[in-house]
Amino acid sequence: MSTNGTVIVGAGLAGAKVAEGLRTGGYADPITLIGDEPERPYERPGLSKEVLLEKDDASSLYVHDADWYAANDVTTLFGRAAATLNLDDATVSLENNDVIGYEHLVLATGSRPRMLPLDGADLDGVHTLRRMPDTAAIRAHFGEGKKLVIIGAGWIGLEVAAAAKLAGTDVTVLEYAALPLQRVLGDTLAAYIYDLHTDNGVDLRTNVSVTGLTEANGHVTGVESSAGHFDADAVVVGVGASPNTALAASAGLTVDGGIVVDEHLRTGNPAVLAAGDVALAQNTATGGPLRVEHWDNALRQGKLAAQTILGTGEVYDWQPYFFTDQFDFGMEYVGHGSSDDDVHIRGELASGEFIAFWTNDGRVTAAMNVNIWDVNDELRAVVGHDVAPARLTDESVALEDLVS
């Protein structure tokens, strides 16, 4: 169907940025972009933020205008899934048996929502949030008198909870851990998030195991759990995501919780790269392999994959970044901290405007600005450096002066 050139499997943000980076970098060979969704590439964060809140419509999420691909000579195969990868022949076969040859291949296959291993997970009214139609389906259950149960208090679950509550919905969140986002933020900030939601009327239950779903006429009616039964007009499952590694694994590429790649995003086969959610990449800034499921990483790794194909020599050398908006809580986070790190607060938690730093053995591993804006570049410059805690929390020391 096509020969040589670059084939990109996965038409999300990372895949779109590979194509864009190649063309802006002067790449003249064929580019083929394959995606199993019928939509052209779009950015996913808005699905649980602006679009779910009805502050914007889904059309605002597209990475490029509809005519960009033809104008830049990018062949698009949307709504077409890749079935097999043959490394020896350097070909990708689609589900309809079309075979596409490549000189360079980028696997940007993303991730998929995890589902609970429970009977009834496929009932009407049980949703995950990953694709455009999911947002509209979930939003249809918002409003006065509606009951929404969310399983999982991760970023997606909590963003949905905030949006639903702001729309007047009766919202219950069931979380297995002792606090929401405890593994990411540690106890202090996780407790802050807990209070944020409960103070805004969300019934947030922690230390809860979900044991089953109830139904009537094929539609979910409630959730059974260790904390009892909760009626539901709809259920949103937000218990994380799994990388789509099957295509790579079946072809014999190394997979270890993600497609293993080096700092240039190359797999063990030099013609094959991986980028975005699916890539377990060697990060030169953190000193080890890292897989990140966030918008910023998909954007940057898409560009890096293009640079690697162009031979410019750049590496995966940036700190992870993500952001969220929930009720009156807006934040940006940079770095890669853990729940075992020490947390230092610059400012007052109660004010709703503060900066948090995470440190391990004196080294700053992550930083988060909450309702304080235009400081993330300064925080990024601090991550990875040794800074005394008293200096981090001293507001008389300018952020740009924290690292001397």
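Three strands make up an open sheet, ordered β4-β5-β6, with antiparallel pairing. Strands here are DSSP runs of E with at least two residues, helices are runs of H or I with at least four residues, and both are numbered from the N terminus. Two strands count as paired if DSSP finds at least two bridges between them. At the edges lie β4 (82–86) and β6 (99–101), each of which pairs on one side only. From one strand to the next the twist averages 25°, where axes are lines fitted to C-alpha atoms and angles run from 0 to 180 degrees between N-to-C directions.

The model is predicted: local features need pLDDT of at least 70 and side-chain atom pairs count only at pLDDT 80 or more, while totals for chains, interfaces and linings use all residues. Residues are numbered from 1 along each chain as its sequence is written, and side-chain values use heavy atoms, with hydrogens and water left out.

Consider the pairing of β4 with β5 (residues 91–94), which is antiparallel and extends over 4 bridges. Asn86 stands opposite Thr91 of β5, and Ala82 has Leu94 in β5 as its bridge partner. The hairpin formed by β4 and β5 has 4 residues between the strands, and Ala90 adopts a positive phi near 55° there.

On to the pairing of β5 with β6. These two strands run antiparallel and are joined by 3 bridges; Val92 has Ile100 in β6 as its bridge partner. The hairpin of β5 and β6 also has 4 residues between the strands, and in this hairpin Asn97 takes a positive phi near 80°.

In a regular strand the side chains alternate between the two faces of the sheet. For β5, both faces are covered, with Thr91 and Ser93 buried on one side and Val92 and Leu94 buried on the other. Buried means under 20% relative accessible area, exposed means over 50%, and partly exposed lies in between (1.4 Å probe, protein chains only).

The loop glycine comes next. Gly168 sits in the loop between α4 (155–166) and β11 (170–174). Is Gly168 buried or partly exposed? Because its relative accessible area is 21%, Gly168 is classed as partly exposed. Apart from neighbours within four places in sequence, Gly168 contacts Gly143, Glu144 and Gly145, contact meaning heavy atoms within 4.5 Å. Gly168 and Glu144 are 24 residues apart along the chain, and their C-alpha atoms are separated by 4.9 Å.
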